[in-house]
Amino acid sequence: MKERYDFAEIEPKWQKTWEESGLYRVGDEDQTKEKYYCLEMFPYPSGDLHMGHVRNYSIGDVVARFKTMQGYNVLHPMGWDAFGLPAENAAIKHGIHPFKWTISNIENMKRQLSRLGFSYDWDGQVTTCQPDYYKWTEWLFLQFYKNGLAYKKKAAVNWCPGCVTVLANEQVVNGACERCGNEVIKKDLAQWFLKITDYAQRLLDDIDKLQGWPDKVKIMQENWIGRSEGAEVKFRIDGTDEVITVYTTRPDTIYGVTFMVLAPELPLVEKLTKGTPYEGAVQDFIRKMQTMSDIDRTSTETEKEGLFIGQFVINPMNGEKIPLFIANYVLIDYGTGCVMGVPAHDQRDFDFATKYGLQIRLVIMPEGVPDRYAQLTQAWEAEGIMVNSGPFDGQDNEEAIKNITKYMEEKGLGSFQVNFRLRDWLISRQRYWGAPIPIVYCDKCGEVAVPDDELPVYLPTDVEFKPTGQSPLAECESFVNTTCPKCGGPAKRETDTMDTFICSSWYYIRYCSPHDDTAAFTRSKVNYWMPVEQYIGGVEHAILHLLYSRFFTKVLKDQGLVDFDEPFTNLLTQGMVLKDGTKMSKSKGNTVSPEETVAQYGADTARLFILFAAPPERDLEWSDAGVEGAYRFLNRVWRLVYSYIDGLNESVKVEEVSPADKETRRLTHYTIKKITDDINLRFNFNTAISAIMEFVNWLYLYRDKNTVRNSVIEAEAVNTLVTVLAPFAPHAAEELWHELGYTDSIHKQPWPKYDPAALVQDEVEIVVQVNGKVRDRMIIPADISKEDMEKFVLEQDGVKKLMEGQQIVKVVGVPKKLVNIVVK
RNA sequence: GCCGAAGUGGCGGAAUUGGCAGACGCACACGACUCAAAAUCGUGCGGGUAACCAUGGGGGUUCGAGUCCCCCCUUCGGCACCA
């Protein structure tokens with residue numbers, strides 16, 4: 001007997017064997033098997049694996065191994081999200097080239113992943129910073145460009161002074177950069193955008209198709225897309241032909257408009273005030289707004305501030321003259337940047353009107369307010385009956401929304417309008433370490449796409465890394481200066497690179513045909529493997545990556561390049577790994593190194609603990625004692641299986657089946673059922689593992705209390721134990737499997753099926769309750785009818801005694817569970 | 001402020017369809033083995049002498065509620081002047 005569970009010897013041994021035998025090599029399309037694409041979010045190669053990665057990939061590995069054993073043709077790939085700022089920052093700080101830095105990090109992290117024994121086919125590894133990948137990222141950009149979905153425009157964009165580049169809306173969190181935390185400022189720059197807004201409605205509608213996604217993520221996406229219905233209404237500026245269009249979700253309140261507000265940055269504002277007495281004050285106000293940070297400017301805490309600009313507009317419904325303001329609380333990039341002020345029915349307008357002494361006119365009667373001229377103390381934003389609204393008086397306001405919109409459409413005063421909170425995706429970055437945007441600028445031909453046969457536009461290697469606020473590529477003359485693909489004349493390249501979220505928006509497609517050097521992907525393979533059956537990753541990507549990937553997939557589908565329109569059928573968002581109640585981070589000094597944990601306890605122990613300590617969606621509190629416990633358990637399995645191997649022939653009898661044998665067989669099959677359901681239906685690996693523990697605890701008892709055991713039943717139990725352990729502790733299971741005398745890999749074994757007949761129990765314990773309180777328990781035949789069970793219970797002496805002096809009102813029987821006697 | 005999730009022993013967690021609250025593990029205590037310790041094996045382990053009380057608090061529905069309904073509190077996540 002091998003006494004010791006020597007993980008340090010067996011884990012590397014099997015990792016080597018699996019690698020050499022190509023155990024995880026991905027098969028091609030196989031029509032005899034159902035396919036299963038198991039995907040975990042690929043990591044950014046920051047240098048070292050952290051526990052969050054270990055958790056993510058341990059979960060994925062269980063799923064992949066389990067599905068493989070269940071007979072699926074499984075794709076389980078891994079790669080590297082390898083472009084991005086940290087590499088460039090390292091280059092600036094330490095003088096290492098980003099490429100070198102990234103590649104050495106990849107090597108290190110790949111080694112760490114391999115040491116954990118995850119079942120990846122490394123042959124299909126994808127690295128986004130390699131030309132064989134970014135060539136196709138560039139190609140995909142051009143597909144967007146050629147279909148009018150990529151465009152360059154000058155706009156006030158989010159600029160992070162820390163990262164010295166622009167950011168997408170999604171990357172700004174509470175007015176700060178999501179990466180470095182610096183306060184984001186506005187800059188007027190010409191930038192590349194992808195027209196994700198064209199897909200806003202479909203991205204919203206198709207959320208319904210995502211049955212296998214957590215509601216949490218779907219709601220976040222819904223809120224982010226932020227659809228609203230309302231009307232655009234035209235207000236003429238008094239004394240001119242100029243028209244201002246506002247967007248409102250409350251056309252029913254139009255008779256309550258007592259002022260109008262414009263975003264200060266609107267060009268119209270300057271036009272309207274130029275040469276008027278208001279010009280100076282307006283200029284001052286605009287300048288003040290520009291110096292304010294986004295956080296101060298857009299916080300609900302900030303006091304409303306505005307300025308009358310000397311003009312009036314006419315309410316198209318009643319011809320009233322309304323003063324025109326600019327104010328801090330109106331955003332230029334939502335709706336039309338112009339808002340009609342209805343202080344009685346919008347709290348923001350109410351605050352503004354109160355401050356500047358503007359009229360507050362009630363047009364929708366609040367409940368319980370009889371007087372239509374009542375003084376409000378705050379805006380009434382709920383429903384009510386229309387008043388002070390001309391022909392619409394007396395209508396229900398919900399009705400009036402429709403009727404007023406219809407009326408305005410008929411009279412040409414306005415129209416029904418849908419608006420989205422979602423903005424177009426800003427993809428330009430003024431940085432070096434990203435995929436080049438394959439566009440050149442020619443004096444004669446203007447903006448020209450780089451032809452497909454000239455792709456990729458290579459990133460030059462001899463570049464100076466200085467954080468100047470301009471792409472380092474702009475100073476690389478050999479890169480910038482080129483010839484125009486159209487006319488052959490001198491031209492200049494685009495020097496911005498792409499947001500790395502572009503690279504990660506299609507990597508899961510590249511995995512399906514990673515070696516195709518003639519196309520971004522092989523259509524037949526992509527259509528075979530996609531969509532992903534199970535995607536696993538952190539919830540922090542709920543909006544950014546997951547929304548962008550859905551957008552990419554829909555564009556590819558519309559271009560006829562793929563046959564599916566949603567990339568991820570099921571999504572699992574795993575919780576964080578915590579230590580002492582907070583997220584592990586270097587700055588807090590509460591990190592636990594996966595490498596050290598593996599060195600001390602082995603990969604199987606580390607994985608087992610992480611899977612056992614909490615269900616996957618929840619946060620997980622790291623516990624060194626818990627790791628110790630997982631290690632103890634593996635040792636316990638080890639000793640049990642070895643004692644069986646060694647003692648097999650001394651205590652057996654084949655023919656007879658004792659009650660203990662029968663119970664062993666029942667538990668064997670119950671354990672199979674429990675684990676299968678826990679993985680398949682619920683991803684509850686923690687309870688699956690506890691079922692294995694209970695099974696092991698029973699087998700110890702069975703072994704120690706029965707010197708005579710049925711060898712067939714015992715062998716089945718031990719084989720089953722090792723087999724169901726395989727997805728969770730792949731190395732230990734493999735070693736034990738071979739020690740049991742098998743020569744093929746445990747990971748190629750079919751997942752066991754349970755025998756329903758074995759689960760049937762002859763007798764069950766039931767509870768006797770009196771008025772819902774447990775008073776007794778008894779063993780009865782399992783197949784007894786409900787009526788017989790109730791009768792049987794009432795006949796028992798103990799129960800009769802309990803009933804003395806009581807009047808039975810009712811008896812509630814639940815077969816195999818309980819009998820509740822209700823007494824008075 | 002709005003949206004969402006969660007609150008169960010000393011701790012991580014379980015209870016899958018309204019049916020024995022606390023599975024499994026950790027920690028702890030005691031015992032066996034040992035010269036001793038570790039490891040291992042075994043026993044106990046929500047509170048209370050008990051009747052009983054206990055799943056954040058308060059109501060309700062039900063024969064029966066951690067689970068369903070209403071109100072409130074706390075923590076965490078997302079959004080935050082989106083007209």
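User: What makes strand 10 and strand 11 a pair, and what do they form?
Analyst: Two strands pair if DSSP finds at least two bridges between them; strand 10 (residues 227-237) and strand 11 (residues 243-248) have six, in the antiparallel sense, so they meet the rule for a pair. They form a hairpin with five residues between them, and Gly239 in the turn has a positive phi of about 80°. Arg236 stands opposite Val243 in strand 11. Strands (E, at least two residues) and helices (H or I, at least four) are DSSP runs, numbered from the N terminus.

User: What kind of model is this, and how are its parts numbered?
Analyst: This is a predicted model, in which local features need pLDDT of at least 70, side-chain atom pairs count only at pLDDT 80 or more, totals for chains, interfaces and linings use all residues, and side-chain values use heavy atoms, without hydrogens and water. Residues are numbered from 1 along each chain as its sequence is written, while chains are lettered from A and ligands numbered from 1 in the order in which they are written.

User: Why does strand 13 count as a partner of strand 10?
Analyst: Two bridges join strand 10 to strand 13 (residues 306-314), which run antiparallel; the rule asks for at least two, so the strands pair. Ile237 has Val313 as its bridge partner in strand 13. Strand 10 also pairs with strand 18 (residues 414-420) in the antiparallel sense, over seven bridges, where Glu232 is partnered by Ser415.

User: Why is the contact between Lys271 and Glu242 called a salt bridge?
Analyst: The term requires a side-chain nitrogen of Lys or Arg within 4 Å of a carboxyl oxygen of Asp or Glu. The closest N and O atoms of Lys271 and Glu242 are 3.2 Å apart, so the contact qualifies. Glu242 lies in the loop between strand 10 and strand 11, and Lys271 in helix 8 (residues 267-273), 29 residues apart.
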